[in-house]
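Reader: Hi! Please walk me through this one, bit by bit, while I have it up on my screen.

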Amino acid sequence: MGVGGSFWELLKPYARPEGFDYIRNKRVAVDLSFWIVQQETATKANVRNPHLRLTFFRTINLFSKFGAFPVFVVDGTPSPLKSQARIARFFRGSGIDLSGLPVVEEGVSVERNAEFSRRVQECVELLELLGIPVLKAREEAEALCAQLNSEGHVDACITADSDAFLFGAKCVIKCLRPNCKEPLECYHMSDIEAGLGLKRKHLIAISLLVGNDYDLNGVQGIGLDTAVRFVQGFSEDEILNRLHEKGNGATMFDGAVKSMDDSIPCLDERSPRPKVPHCSTFPMKGCLEKPEGFACDCSISDVDHKEKEQKKQEMDDSIPSLDERSPRPKVPHCSICGHPGRKKSHLKFSCDFCGTFPRKGCLEKPEGFVCDCSTCDMDRKEKAQKKQENWRLRVCKKIAMEQNFPNNEIIELYLSNNHGHFTENDGPHISWESPKTEVLVDFLAYHQHWEPSYIRQRMLPMLSTIFFREKALNPTNTLLYGQYEFDSIQRVKVRFGHQFFVVKWKKAVHAMASVTYTIPGDSDIEQEKLTEVDESIDLLDECNVPQIHVDDGCWFLLTDENMDLVRAAFPEEVNRFLLEKELKESKRRNKSGLRSEGVEEMPDSPKSKGVQLSITEFYRSAKVIFHEKPGEDSAGNSDAQGRETSTEKRKASDSKLSKSVRRRLLFG
């Protein structure tokens, strides 16, 4: 969830769509719980263990297609606040009174249900077999992802929890769409600061006002727009302190904080000072008569005189001057054009603002006209200032009505930098290893009931990416997966605006020696159909499946590879391919030039190899071929037999091999 309200909609204008190469050769932290929760909506078909399937294909896509180095993070033990919020969220839509729910005691946490924990554990086991590092957070996975990002251990976080920014994340990737030109939806904290003027503590203050994962309610009567507008009036250093002051009953007046108790005088100020009696000066009693204008100089009288003078001065200061007391004289405005001046004077002398001639009248004011004279401008500013002060006062009153606001424990959770099981000096242990292919095949065959050849085929893009990286560092490594060797570059493929090399792989000689040919039976065809229907790749998680290519009776594998990886591993082959491509293009240009000059081309020889093969030759259907009954018209067949090509002969020789058998021959 993250921050309450439509927080992602607030950040949507500052999203950056990025291409495939944005996270290439970069480390990214992935919130595994986010993927597991998302699989319920991402999987359209009713498949076996969708969490394992989704994690398997997405990890291979992230590693091979995007070229990233993923680091997965799982949740730890939730805090008592998160446990209580989770219970409240569960019962929120049920109509049950939340006040009657049991309160989670201090230090007591409620774990997730056993089914979800089982799924997480199975995905962790799968990732470890793939050689991907997995870290466990103390509490929230997105908190550890954000800490790794802020400390520079990873370059981005992949999560849909918006409170990753509150934990200190600098770059959050909310969506991964492999099948588009710009598949990554990235949010940078620098863009949010520049666009909205909001920094990390501002976002924490907003979450306290509108609600978050630890407090679902927030402040009653304050929505996201109000919270954003309120916190934008303070700097990052003072916003949390101001929330504490307003939570304690403080109000705002002219930018200064004034407590509600400041206007109430203390007991000493309210109680009058006892009056000391003075002689009334009767001459017959022996006292001297006080002269005119006499003032007693005793200490008590002196204090009284000073208090009276101070009170008089305060009263004089509180009384506004004549200019302040008298309302600003209202300048008359013309009812026709709306400019300063009377209508009669404008008819007689014309209007300076309209620019018309005398006795020609004024121009009629348009709809929604606003006068921009100094008097009207000052009135508008005063009204806007008064309206802003009243609005802030209402917000402060709503904040003051909340009990125990703001919650210091929530603020400490967001500002903490200790979300992992490692120290600042040691740092997290992050390393990528080679996949344990055979163990992984057994694991998926047990949980998913997939054929071993199917698993190896889907894993090949990841294995080829690892092979090219190691080949660039260690040229002695010549075999992919110990079975396939690099043959050549077939062509350049453009996919969603990005170029890839289509690489041809052939099986090594020692691997071919152990291959035995078997005729496919009915069970093999049925298994192939079941596999294709049950494991159809969703568009969101499409994997680059290696294609089987037949050339002159030889079988090859075709994979889409990053051009930079192939160039680093096989620079000579890449240069040779580019040179041949340039020669072909020059020949094509020369032929087009000859056609434009009217020179006829020589017809192709019968032995020309430029024959375009049908796509059904490579992707044969498992359907039964229809055979004509005897006696039907076969005139067209006689013509077709006369035009039989070498392609049809090859088709006849391989007609008994189904797709599943060809896959087994190549992947074991």
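Reader: Which residue with a positive phi follows H6?
Author: That is Gly 152, with a phi near 85 degrees. Helices here are DSSP H or I runs of at least four residues, strands are E runs of at least two, and both are numbered from the N terminus. Keep in mind that this is a predicted model, where local features need pLDDT of at least 70 and side-chain atom pairs count only at pLDDT 80 or more, while totals for chains, interfaces and linings use all residues. Residues are numbered from 1 along each chain as its sequence is written, and side-chain values use heavy atoms, with hydrogens and water left out.

Reader: Thanks! Is H6 itself mostly covered or exposed?
Author: Mostly covered: of the ten residues in H6 (residues 141-150), nine are buried. Buried means under 20% relative accessible area, exposed means over 50%, and partly exposed lies in between, with a 1.4 Å probe and protein chains only. The buried residues include Glu 142, Gln 147 and Asn 149, as well as Leu 144 and Leu 148.

Reader: What do the buried residues of H6 pack against?
Author: Strands: E2, E3 (69-74), E4 (134-136), E5 (156-158) and E6 (171-176). A contact here is heavy atoms within 4.5 Å.

Reader: Switching topic, why is H8 described as largely enclosed?
Author: Nine of the eleven residues in H8 (residues 200-210) are buried, so the rest of the structure largely encloses this helix. They run from His 202 through Ser 207 to Val 210. Their packing partners are helices, among them H1 (7-11), H9 (224-231) and H15 (374-401). Just after H8 comes Gly 211, with a positive phi of about 110 degrees.

Reader: Nice. How do the axes of H9 and H15 cross?
Author: At roughly 110 degrees, with the axes coming within 11 Å. So H9 is roughly perpendicular to H15. The axes are lines fitted to C-alpha atoms, for helices over the stretch in contact, and angles run from 0 to 180 degrees between N-to-C directions. Under 35 degrees counts as roughly parallel, over 145 as roughly antiparallel, 65 to 115 as roughly perpendicular, and the rest as oblique.

Reader: Which residues in H9 meet H15?
Author: Thr 226, Arg 229 and Phe 230 do, and their partners in H15 include Trp 391, Arg 392 and Ile 399. The contact has five nonpolar, two polar and two charged residues. Nonpolar covers Ala, Val, Leu, Ile, Met, Phe, Trp, Tyr, Cys and Pro; charged covers Asp, Glu, Lys and Arg; the others, Gly among them, are polar.

Reader: And where do H3 and H5 meet?
Author: His 51, Leu 52, Thr 55, Phe 56 and Thr 59 in H3 meet residues of H5 including Arg 119, Glu 122 and Leu 126. The axes of H3 (residues 50-65) and H5 (residues 114-129) cross at roughly 35 degrees and come within 10 Å.

Reader: What is the mean pLDDT of the protein?
Author: It is 77, and 68% of the residues reach 70 or more.

Notes:
pLDDT = per-residue confidence, 0-100.
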